[in-house]
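Please look over the sequence and the model before turning to the points below.

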Amino acid sequence: VILVLVGVALRFASIRDYIFGTLFASTDSLETRQGYIESMKSLLHGVHLLFGYGRTQSAELAQIYTGNHYYHNSYLSILISNGLVGLGLLLSVILASVLKGIEVFRIDRATGLICILSCVVYLVYAYVEAAILFTTPVIAMVATVFVVSLPTFFHKAVVPKNM
């Protein structure tokens, strides 16, 4: 069934062009995101490297340096807004979730893989979007559920209390 659907879809030029020209072949979006990093990394020095510029000033700097107020990269957003301190805090929360996922994996492989996969998905997603844990209301709540809460809930359910 899937092969028939793919065959039919590829017979239409507009669908074929979209799949191979826009969906999978275009790197313009990733190049733009990488350009944001390149244009703003010169801002990271001195005290700003450690503590960032704060939310308001970092939004202004993003507009000046990239022509866009939206970073499209969680790590860049945190570095510019909160510096290495903020990035360290974010990564420590994710690391704690990964470690809980590993503990769950030792007891129940399938559940542990879900926990670890949720963290990996967030880490990859954070490179191409700026949905930072605990900052933007709806997106951050969803990310928090999958990155932090899911491993924690499964950890509490699967790992015996004496461990």
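This is a predicted model: local features need pLDDT of at least 70, side-chain atom pairs count only at pLDDT 80 or more; totals for chains, interfaces and linings use all residues.

Residues are numbered from 1 along each chain as its sequence is written, and side-chain values use heavy atoms, with hydrogens and water left out.

**Overall make-up**

- The protein has 8 helices and 0 strands; helices (H or I, at least four residues) and strands (E, at least two) are DSSP runs, numbered from the N terminus.
- Read from the N terminus, the order of elements is α-α-α-α-α-α-α-α.
- Of its 163 residues, 34% count as buried; buried means under 20% relative accessible area, exposed over 50%, and partly exposed in between, with a 1.4 Å probe and protein chains only.
- Among contacts in the protein with a separation of 6 or more, 66% involve residues 24 or more positions apart, a contact being heavy atoms within 4.5 Å.

**The nonpolar core**

- The largest nonpolar core has 23 residues, and those with the most contacts inside it are Met 40, Leu 76, Ile 80 and Tyr 122. Such a core is a set of buried Ala, Val, Leu, Ile, Met, Phe, Trp, Tyr and Cys residues joined through side-chain atoms within 4.5 Å.
- At least two residues of this core come from each of helix H3 (28-40), helix H5 (55-66), helix H6 (74-107), helix H7 (109-128) and helix H8 (137-158).
- Helix H6 gives the most to this core, with 8 residues.
- In soluble globular proteins, nonpolar side chains tend to be buried together.

**Around Leu 76 and Asn 73**

- Leaving aside neighbours within four places in sequence, Leu 76 is in contact with Tyr 36, Ile 37, Met 40 and Tyr 71.
- Asn 73 lies in the loop between H5 and H6 and is buried, with a relative accessible area of 2%.
- A polar atom of the Asn 73 side chain lies 2.9 Å from the backbone nitrogen of Leu 76.

**The surface**

- The accessible surface of the protein comes to about 10,300 Å², and 71% of this belongs to carbon and sulfur atoms; accessible areas come from the Shrake-Rupley method with a 1.4 Å probe, and for residues only the protein chains shown count as cover.
- Val 47, Leu 50, Phe 51, Leu 84, Val 85 and Leu 89 make a nonpolar surface patch of about 550 Å². Patches are made of residues with over 30% relative accessible area and no salt bridge, with like charges joined within 9 Å and nonpolar side chains (Val, Leu, Ile, Met, Phe, Trp, Tyr) within 5 Å.
- Helix H4 (46-51) and H6 are the elements that give two or more residues to the nonpolar patch.

**Charge pairing**

- The side chains of Glu 38 and Lys 41 meet in a salt bridge, at 3.1 Å from N to O; a salt bridge is a side-chain nitrogen of Lys or Arg within 4 Å of a carboxyl oxygen of Asp or Glu.
- By this rule the count comes to 1 salt bridge.
- Glu 38 is partly exposed at 43% relative accessible area, and Lys 41 is partly exposed at 46%.

**Thr 111**

- Thr 111 is found in helix H7 and is buried, with a relative accessible area of 14%.
- Not counting residues up to four places away in sequence, Thr 111 touches Val 104 and Phe 154.

Technical notes. A polar contact is a pair of N or O atoms within 3.5 Å; within protein, one must be able to donate a hydrogen and the other to accept it, and residues adjacent in sequence count only if both atoms are side-chain atoms.
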